[in-house]
Amino acid sequence: MPPNATDSTFNADPESNVNNLKSVDEVPKVAVANTESYSLKIFQSSLNLLAHILIGATVWISILYSFRNGLPLGSTALHIVLCVIGYQLLMGEAILSLCPHNGWSASLRLVDKRRAHTVLQIVGSGLAIAGSIVKALNKSVNWNTLHGQYGLVAMVFTSVCLVNGLSSLYAFELRKYLPGNLSKITHICFGIVAFVTSGISLCYGFDKNGFKNWSTPALAYTSMGFTACFTAIIIINPTITFFNKTVRVFKK
């Protein structure tokens with residue numbers, strides 16, 4: 001019985017056979033590309049996991065320090081708890097929720113990622129701002145240290161970022177008055193500044209003698225390293241997004 005013309009093992013066209021051979025030759029190249037892509041995903045996922053671990057360790061150390069004298073919490077202890085949970089935990093997770101390699105949000109739809117980001121950002125911003133106000137009301141002189149000055153910058157940009165973020169939810173309705181891309185770009189920029197300055201402020205907090213005497217200088221410097229490390233990891237994705245969106249705006 002003659003072979004069927006549609007059989008993949010038989011082809012009367014020599015050019016087709018040559019093309020098939022070429023496609024076979026390209027298979028190793030595709031395999032290499034897939035391997036590189038897989039390796040990059042593993043690297044990015046590992047960084048994401050590391051960020052979660054460092055956030056947990058830093059927040060836990062800060063809370064242990066805050067509760068060292070038991071309840072009720074004083075203004076300084078309450079300030080630490082609210083700010084660390086607000087900035088480093090909730091706002092950090094809010095930023096990570098939009099990262100494509102984030103463990104707990106990777107399987108969510110984009111609309112649900114944005115909802116999670118919004119909820120975490122609102123709650124985190126509220127706690128962080130409240131923590132800053134609690135400490136400011138308890139002091140006669142405010143923002144006279146680097147810890148306080150960076151904390152003030154973080155609070156201001158967090159407040160602006162919160163308002164800007166809420167307005168970006170209605171970017172379509174407000175497009176006549178405010179370009180949607182501009183609203184999103186400024187929101188990302190303000191968020192990066194707020195998160196980075198909050199991390200710097202926390203590092204100056206770890207550098208205070210009160211924390212060093214409670215723990216050890218080694219633990220204080222380790223906590224600073226943890227904070228710097230997870231802050232750098234967290235802002236990678238929004239920084240890339242900010243750059244790409246800005247380039248697209250200027251190309252129009």
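The model is predicted, so local features need pLDDT of at least 70 and side-chain atom pairs count only at pLDDT 80 or more, while totals for chains, interfaces and linings use all residues. Residues are numbered from 1 along each chain as its sequence is written, and side-chain values use heavy atoms, with hydrogens and water left out.

Rings of Phe, Tyr and Trp (its six-membered ring) pair if their centres lie within 6.5 Å; planes under 30 degrees apart count as stacked, over 60 as edge-to-face and the rest as tilted. Helices here are DSSP runs (H or I, at least four residues), numbered from the N terminus. Tyr 150 counts as partly exposed at 29% relative accessibility, and Tyr 204 does so at 33%; buried means under 20% relative accessible area, exposed over 50%, and partly exposed in between (1.4 Å probe, protein chains only).

One aromatic cluster is formed by Tyr 65, Phe 206, Phe 211 and Trp 214. Over the ring of Tyr 65 sits the charged end of Arg 68, 3.9 Å from the ring centre; the criterion is CZ of Arg (or NZ of Lys) within 6 Å of the ring centre and within 35 degrees of the ring normal. Trp 214, in helix α6 (residues 209-214), is partly exposed because its relative accessible area is 35%.

The peptide bond from Leu 71 to Pro 72 is cis, with omega near -5 degrees, and Pro 72 is found in the loop between α1 (14-66) and α2 (75-96). Trp 143, although not a glycine, has a positive phi of about 60 degrees. This Trp 143 is placed in the loop between α3 (110-138) and α4 and is partly exposed, with a relative accessible area of 38%.

Finally, Leu 219 lies in helix α7 (residues 217-234) and is partly exposed at 29% relative accessible area.

Key: Helices (H or I, at least four residues) and strands (E, at least two) are DSSP runs, numbered from the N terminus.
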